[in-house]
Amino acid sequence: MLEVEDIDVYYGQLPAIRDVSLSVPSGGILAVIGSNGAGKSTLLKAIAGQQPVKSGRIVFQGKDVTHLPAYQRARLGISMVPEGRRLFRSLTVEENLLTARATKRSGPWTLEAVYERFPLVAERRTRRAGDLSGGEQQATAIARALVSNPELLLLDEVSLGLAPKIIGEIYESIPIIREQGTSILLVEQDVQQATKASRDVHCLLQGRTSLAGTDLDLADITRAYFGG
């Protein structure tokens, strides 16, 4: 589904990602973990086409998309839920969802299907996004991404700043999203949530891979996370 091959990403003269490679299988899920500033969000932005790659390449479903703009990647089936939600605050919940139809992709995630999966979003459909709580906004952001019927869903820190109950409800939806055939690349600071969601873990430390594998030992993850 996705192959990231030895990419470097810079902000001006400052390196943010150095020589990072990873892969996400079709219908699979990979959790990328690391502390604040490790380069996790930059990695997702590079995959989504929001941040240019200085070297290396990104291959999606066999197609080199390294230099494609973000809107073309969205039409190919890459959708991102960014950190901070980034909703159109003056639009209603339903209007925010309808913006995702610009990709013109068909699939199982119709408005009705999204409302069934996220009753909270359905209940708030006529409210302005700017008037929602953090948890309601996060659920809306995920629903909006799904309406584009992605092949690959990029989730950036979906638990950040939310109450445990809301975090649990959001993570309960991840297996259901996968059952519909969507691959997931999940970025998290919370190691416990990440390892519950995925057996495959990729740890970043200061922009580089510090550990990657399946069913990793928690002690090894802790050392890789903090640089021990």
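User: Where does K104 sit?
Analyst: K104 is in the loop between α3 (93–99) and α4 (111–117). Helices here are DSSP runs of H or I with at least four residues, strands are runs of E with at least two, and both are numbered from the N terminus. This is a predicted model, where local features need pLDDT of at least 70, side-chain atom pairs count only at pLDDT 80 or more, and totals for chains, interfaces and linings use all residues. Residues are numbered from 1 along each chain as its sequence is written, and side-chain values use heavy atoms, with hydrogens and water left out.

User: What about the phi of K104?
Analyst: The phi of K104 is positive, about 55°, although K104 is not a glycine.

User: And is K104 buried or exposed?
Analyst: K104 is exposed, with a relative accessible area of 73%. The cut-offs are under 20% for buried, over 50% for exposed and partly exposed in between, with a 1.4 Å probe and protein chains only.

User: Which loop holds D215?
Analyst: D215 lies in the loop between β10 and α9. D215 is not a glycine either, yet has a positive phi of about 50°. With a relative accessible area of 49%, D215 counts as partly exposed.

User: Going on into α9, which of its residues are buried?
Analyst: In helix α9 (residues 218–226) the buried ones are I221, A224 and Y225. They cover an arc of only 100° around the axis, so they lie on the same side of α9. That arc is taken from the directions from the helix axis to the C-beta atoms.

User: What covers them?
Analyst: The cover for the buried residues of α9 includes β3 (29–33), α8 (191–197), β9 (200–205) and β10 (208–214).

User: What happens at the start of α9?
Analyst: A side-chain oxygen of D217 comes to within 2.8 Å of the backbone nitrogen of A219.

User: And what follows α9?
Analyst: G227 follows, with a positive phi near 80°.

User: Different spot. Which helix has K40?
Analyst: K40 is found in helix α1 (residues 40–48). K40 is buried, at a relative accessible area of 5%.

User: Which backbone oxygens does the K40 side chain reach?
Analyst: The backbone oxygen of G34 is 2.9 Å from a polar atom of the K40 side chain, and the backbone oxygen of S35 is reached at 3.0 Å. A polar contact is a pair of N or O atoms within 3.5 Å; within protein, one must be able to donate a hydrogen and the other to accept it, and residues adjacent in sequence count only if both atoms are side-chain atoms.

User: What else is K40 in contact with?
Analyst: Setting aside neighbours within four places in sequence, the list for K40 includes V32, I33, E157, V187, E188, Q189 and L204. Contact means heavy atoms within 4.5 Å.

User: Which charges lie over rings?
Analyst: K54 lies over the face of Y10, 4.1 Å from the ring centre. R117 lies over the face of F118, at 5.9 Å from the ring centre. The test is NZ of Lys or CZ of Arg within 6 Å of the ring centre and within 35 degrees of the ring normal.

User: Zooming out, how many helices and strands?
Analyst: The protein has 9 helices and 10 strands. Its C-alpha trace spans about 50 × 35 × 35 Å along the principal axes.

User: How much of it is buried?
Analyst: Of the 228 residues, 50% count as buried. Among contacts with a separation of 6 or more, 68% come from residues 24 or more positions apart.
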